[in-house]
Amino acid sequence: MDFQYPADVQEFREEFRRYLDSIATSELMDELRVGGQWGGEHTKRLWQKLGNDGYFGLGWPVEYGGGGRSLLYLHAFNYEMAYRRFPVPVVTLNTVGPTLTHIGSEEQKKEYLPKILKGEIEFAIGYTEPEAGTDLASLQASAVRDGDEYVINGQKVFTSGAHHADYVWMAVRTDPDAPKHKGISILIVPLDSEGIEIAPLNIMGGSRSNITYYSDVRVPVSGEHGLALHHDAARLRADRDQPDRAARARVRLALRQGARRHTEYQGELDTRDAGPHGLRAERAEGNGHEGREHGGER
Ligand SMILES: Cc1cc2nc3c(=O)[nH]c(=O)nc-3n(C[C@H](O)[C@H](O)[C@H](O)COP(=O)(O)OP(=O)(O)OC[C@H]3O[C@@H](n4cnc5c(N)ncnc54)[C@H](O)[C@@H]3O)c2cc1C
């Protein structure tokens, strides 16, 4: 077995290493040292620089502005970033972006994907609640339709990054009468919306997550902000059931690209698409690599 990167990836890695050395300002290093993590002004500048120089979305499809590169490039990218303790907006790049490429509306793709790739916007993930962690289907946060808007109420815990992100990618119950693993939607909620309160949740080791509270927060049903996965689950299922290997591979790719936050990501997918043919089964029935890769990253 060859543990070396192929020559082209090695070349990319060395070039990227030199690039990172050239953009590591003392202000950034101070911010990361003092802040212990991310989200400050210099981190945001770093992300915008990386985005503008084409280093974000290396594995995204070219049609969405990504690099269309293999996982090895992503590995090299993450390795070099981690080596310097430079944060990567993983939720935004690995979960939100790839999910939008699969099931977002054209409007959402146009609105969010270019900004994600340019490092201009950041998402937090709002799945976990005090009584809904691993069992995400127990979530209680609700979004009730009122004309052209959803009105959101509830509480999330561990909404990491919410204190510096622009949006929360939020799982809410939109159909209280459906079985508990159905009737759940994802809404894209601007974090500066009226009715959102963000409280720090300090994590052992010195980093910070958040508790977020939502009181009558309003977002439009359609358009940029609504992403009703209970509808789109059908499309995802159609993809998955395709006899076409390429279509199945697209679903698996979405899973892989969500790898860094895949506890949450998996919760989301299982919630949408539970059952014997669920995405968990989809991973297992592949050539075996997906399951090991996924498991290995836990
Ligand atoms: C630092 C940090 C950052 C986080 N950031 C985010 C974030 O940004 N967004 C977000 O939405 N969430 C976030 N989370 C939440 C994380 O995804 C949850 O911790 C996770 O969903 C598990 O939920 P829980 O902590 O309530 O544990 P529980 O669900 O209570 O599980 C506790 C233990 O029981 C086990 N368990 C649970 N159910 C079963 C079962 N049926 N069978 C066998 N074993 C079981 C679990 O494996 C686990 O070991 C974060 C968590 C941490 C610690």
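Val168 makes contact with Phe123, Ala124, Gly126, Thr159, Ala162, Val189, Leu191 and Thr212, leaving aside residues up to four places away in sequence; two residues are in contact if their C-beta atoms, placed from the backbone, lie within 7 Å. The structure is a predicted model, in which local features need pLDDT of at least 70, side-chain atom pairs count only at pLDDT 80 or more, and totals for chains, interfaces and linings use all residues. Residues are numbered from 1 along each chain as its sequence is written.

At least three core residues come from each of domain 1 (7-117) and domain 2 (123-227), with bounds taken from an automatic or database domain assignment. A residue is buried if 20 or more other C-beta atoms lie within 10 Å of its own, exposed if 12 or fewer, and partly exposed in between, with C-beta atoms placed from the backbone.

Turning to the chain as a whole, buried residues make up 36% of its 298 residues. The chain has 11 helices and 8 strands; these are DSSP runs (helices H or I, at least four residues; strands E, at least two), numbered from the N terminus. Among contacts with a separation of 6 or more, 65% join residues 24 or more positions apart.

The ligand is surrounded by 15 residues, of which Tyr127, Gly133, Thr134, Phe158 and Ser160 are the closest; a residue is near a molecule if its C-beta atom, placed from the backbone, lies within 6 Å of it. Both β1 (123-126) and α9 (262-272) supply at least two residues of this shell, and β1 gives the largest share, 3 residues. By class, the shell has 5 nonpolar, 8 polar and 2 charged residues. In this scheme Ala, Val, Leu, Ile, Met, Phe, Trp, Tyr, Cys and Pro count as nonpolar, Asp, Glu, Lys and Arg as charged, and the others, Gly among them, as polar.

Two backbone angles deserve a quick look. Arg85, in the loop between α4 (71-83) and α5 (90-103), has a positive phi of about 60° although it is not a glycine. Arg85 is exposed, with 12 other C-beta atoms within 10 Å. Asp216, found in strand β7 (residues 208-220), has a positive phi near 50° and is likewise not a glycine. Asp216 counts as exposed because it has 12 C-beta neighbours inside 10 Å.
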